[in-house]
Amino acid sequence: MYWIALSLSRHDDDGERTVWGWHALAFTPRVAWLDEALVLEVSATQRLWGGRRKLLARLLDTGDALSPAMLAGAATAQVALALLRLKQRGEAKPPSIDGLPIDTLTAAQPHAGILERMGCRTWGQLRALPRAGLSRRFGAELVNALDRAYGEAPESHAWITLPESFDVKHELMALATTAPELMWTAQRLLSQLQLWLKARNRGVLAIELEWTLDLRRLNGKMLPPTEMLQVRTAQPTQDMAHVRKLVNEHLSRTSISAPANHLRIRTIETVPWGGIPASLLPEDNKPGEKLHEFVERLSVRLGENNVLVCVEHEDHRPEQMEEWKPARSHAAGATPCAASEALYPTWLLPQPIELETKSDVPHYGGPLRRLTRLYRVETAWWEEGGPACRDYFIARSSEAGLVWIFRERPVGEGASRWYLQGLYA
């Protein structure tokens, strides 16, 4: 077996310790906390990462997501922890386990003074003492710890598991008086979110930022303990560069009621991650920002109601076939064009214009001459206004050129009315 012990540079940050555990789970399922260190057993997985050296390099490569860590490795977790403590103190590694100082064994630390006065300063000297007397004098745990350290007894650990959702709170380096000042801490938390997403193999769709206010009352007005905002993406992603841009746009347009001292990020919606789609076609691998990412960022900057997208509907009435809605909440998708839609005009009027009729011949800049046979539409019988009963034609006007007209057939008695609905370029 081979154990790695990691010592974090910030032991007081519970969020940092938690995320380091999540990060380690990407390399082996056997991860646990042993005293102040994070221990990993990697003998069964190091070949998957190209060997021990490459595994250690990737384990320590966390970018700006986590603080740097110091590590040591050995055949058992207790020995790895002892070597890590020696490394932190700047002491040389002994040639064998027997030469480890007595105070590097956790179970022996409460008795280190007595043992040293007895002339017992190393693990080897401690192990040479009679087991029965050592157990009676200092307790059975010291003997059991020695057995575990030398691999003569099985080790038992509370293994770390990944939570179902990401929820990390971080203390700000200084009080934030404006929302954009939260961005530095948000970037760090988003990098930690990326580690969790990769470990869980999920893509994020929505996150929530929550900041804790440092004041409870301002100008005689009670303040809520926290404030929050939600950030959503149209497509699941593990790319934090895009999420950072969205968060930055939101924060630049958000005001906070009072200075904030903590920031918390949690996931609201995630989905299984299928990976980044790859293609060999050059037109599918264009550099730069993707269109949907640009639309999302622009919607935050200009307002959702100012960036619209055409949403298609299955309806036989041309004016009901599409609707303009906010682009962030509706993705535009191309649908197959029906054979009848090939005759639709290039310019559809917002509202049909009723035409003047003489001797049942519609006029628009003169009499219109019908060029095609009728295309009949009968639908919307379920709506309050009654069914739409129309006969569509392509006609020619001496002044306007080709036009698209329809004759509205009355359900009961009455004359038919003609309308202009589109023009051809």
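1. Basis of the note. The model is a predicted one, in which local features need pLDDT of at least 70 and side-chain atom pairs count only at pLDDT 80 or more, while totals for chains, interfaces and linings use all residues. Residues are numbered from 1 along each chain as its sequence is written, and side-chain values use heavy atoms, with hydrogens and water left out.

2. Overall make-up. The chain has 10 helices and 20 strands, where helices (H or I, at least four residues) and strands (E, at least two) are DSSP runs numbered from the N terminus. Of its 425 residues, 42% are buried; buried means under 20% relative accessible area, exposed over 50%, and partly exposed in between, with a 1.4 Å probe and protein chains only. Among contacts (heavy atoms within 4.5 Å) with a separation of 6 or more, 61% are between residues 24 or more positions apart.

3. The cores. A nonpolar core is a set of buried Ala, Val, Leu, Ile, Met, Phe, Trp, Tyr and Cys residues joined through side-chain atoms within 4.5 Å. The largest such core holds 55 residues, and those touching the most other members are Ile-4, Leu-40, Ile-207, Leu-209, Trp-211 and Val-247. Helix H8 (residues 183-200) is the element that gives the most to this core, with 8 residues. A second, separate core has 34 residues, including Ala-37, Ala-80, Ile-102 and Ala-149.

4. Leu-40. Setting aside residues up to four places away in sequence, Leu-40 touches Tyr-2, Trp-3, Ile-4, Leu-6, Ala-24, Thr-28, Arg-30, Val-31 and Leu-59.

5. Helix H1. This helix (residues 14-24) is mostly covered, with 9 of its 11 residues buried. Among the buried residues of H1 are Glu-16, Arg-17, Trp-20, Trp-22 and Ala-24.

6. Packing of H6 and H7. Two packed helices are described by the angle between their axes and the distance between the axes. Helix H6 (residues 131-138) and helix H7 (residues 140-149) pack at about 130 degrees with their axes 6 Å apart; axes are lines fitted to C-alpha atoms, for helices over the stretch in contact, and angles run from 0 to 180 degrees between N-to-C directions. H6 and H7 are therefore oblique to each other, given that angles under 35 degrees count as roughly parallel, over 145 as roughly antiparallel, 65 to 115 as roughly perpendicular and the rest as oblique. H6 contributes Arg-131, Leu-134, Ser-135 and Phe-138 to the contact, and H7 contributes Ala-140, Leu-142, Val-143, Leu-146 and Asp-147.

7. Burial in H7. The buried residues of H7 are Leu-142, Val-143, Ala-145, Leu-146, Asp-147 and Ala-149, and what covers them includes helix H3 (77-89), helix H5 (123-127) and H6. Asp-147 has a relative accessible area of 11%, and beyond residues up to four places away in sequence it touches Arg-131, Glu-152 and Ala-153. Just after H7, Gly-151 takes a positive phi of about 75 degrees.

8. Cysteines. A search of the whole structure finds 0 disulfides, a disulfide being a pair of cysteine sulfur atoms within 2.5 Å. Cys-120 is buried at 4% relative accessible area, and Cys-389 counts as buried at 14%.

9. Pro-225. This residue sits in the loop between strand E8 (221-222) and strand E9 (226-237) and is partly exposed, at 48% relative accessibility. Leaving aside neighbours within four places in sequence, Pro-225 is in contact with Trp-211, Thr-212, Leu-213 and Arg-216.
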